[in-house]
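Please look over the sequence and the structure shown below.

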Amino acid sequence: MKLVIQLLLWIVIGVLGYLTFNAVYEPIEFNKVKEARYQKVIDKLKDIRKAQLAHKQVTGVFAGDFDNLIKFIDTAEYTVTQRRDTTVLDEEYKKTYGVDQYKSQTIVDTLGYVPVKDSIFKNSSRYKEMMYVPTTDKKAKFEIESGKINKNDTEISVFEVKVSKDVILNDLDKDLLMQEKQVISVDGVNGEYIQIGSMTEINTNGNWPQVYGANDQ
């Protein structure tokens, strides 16, 4: 009996040790995988924001779907201009008073055109797959939306692109995933989504901390 009791005690000790190890090891591994996946998602969101800002600069509004955004990158061009100050004769003043009067004037010269694609993505074609969430084997896409909000009686174009943490971390421990969705921390991605932009505010920033890179570039 004594031997049996000793064996049972060793088994209990082993089980407790295993559970203790897992209690420490699993969160560490979860965080390592999470951070690596978040970084890939955020890098792609930065590309999407660059494309959206270019779309807004050229067309005046943000794109509401990826098909139009990709088509825009393939075909659109920036106009390269140069501003120069000069002085010209004020014809109205001369007509009124019969005296020459000169006024300052800014002239904008068009120097040429640069493809948006070359300006943002250089020789890369990664923008053609910007809609797919990294690490999901193209099975999941970012949610994208655009529209306008009224600010001081002015209609302003806004957009939002996001992906749920459920999509990014769906194959990991469900309890740890639930905790991650509820996180509120200065060095964490708060809330259930990783996103850029907002449909309710004039904002093109991301909701991630600086550890993943600037959230406003």
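## The chain as a whole

In this predicted model, 32% of the 217 residues of the protein chain count as buried. The accessible surface of the protein chain comes to about 14100 Å², and 51% of that surface belongs to carbon and sulfur atoms.

The secondary structure of the protein chain consists of six helices and five strands, which follow one another from the N terminus in the order α-α-β-α-β-α-β-β-α-α-β. When contacts between residues at least 6 apart in sequence are taken, 60% of them join residues at least 24 apart.

## The nonpolar core

The largest nonpolar core has 40 residues, and those with the most contacts inside it are Leu45, Phe66, Met130, Phe142, Val161 and Ile194. At least two residues of this core come from each of helix H1 (2–59), helix H2 (66–75), helix H4 (116–121), strand S4, helix H6 (174–181) and strand S5 (193–197), and H1 gives the most, with eight residues.

Leaving aside residues up to four places away in sequence, phenylalanine 66 touches Ile48, Met130, Met131, Phe142, Ile144 and Val161.

## Glutamate 160

Glutamate 160 has its place in strand S4, which spans residues 154–164. Because its relative accessibility is 13%, which is under 20%, glutamate 160 counts as buried.

A polar atom of the side chain of glutamate 160 lies 3.3 Å from the backbone nitrogen of methionine 199. Met199 is also one of the residues that glutamate 160 touches when residues up to four places away in sequence are not counted, and the others are Glu143, Ile144, Glu145, Gln195, Ile196, Gly197 and Ser198.

Technical notes:
Residues numbered from 1 in each chain as written. Predicted model: local features only at pLDDT ≥ 70, side-chain atom pairs only at ≥ 80, totals over all residues. Heavy atoms only, no water. Helix = DSSP H or I, 4+ residues; strand = E, 2+ residues; numbered from the N terminus. Buried < 20%, exposed > 50% of the residue type's maximum accessible area, 1.4 Å probe, protein only. Polar contact = N/O pair within 3.5 Å; in protein donor to acceptor, adjacent residues only side chain to side chain. Contact = heavy atoms within 4.5 Å. Areas by Shrake-Rupley, 256 points an atom, 1.4 Å probe, with all protein chains shown as cover. Core = buried A, V, L, I, M, F, W, Y, C linked by side-chain atoms within 4.5 Å.
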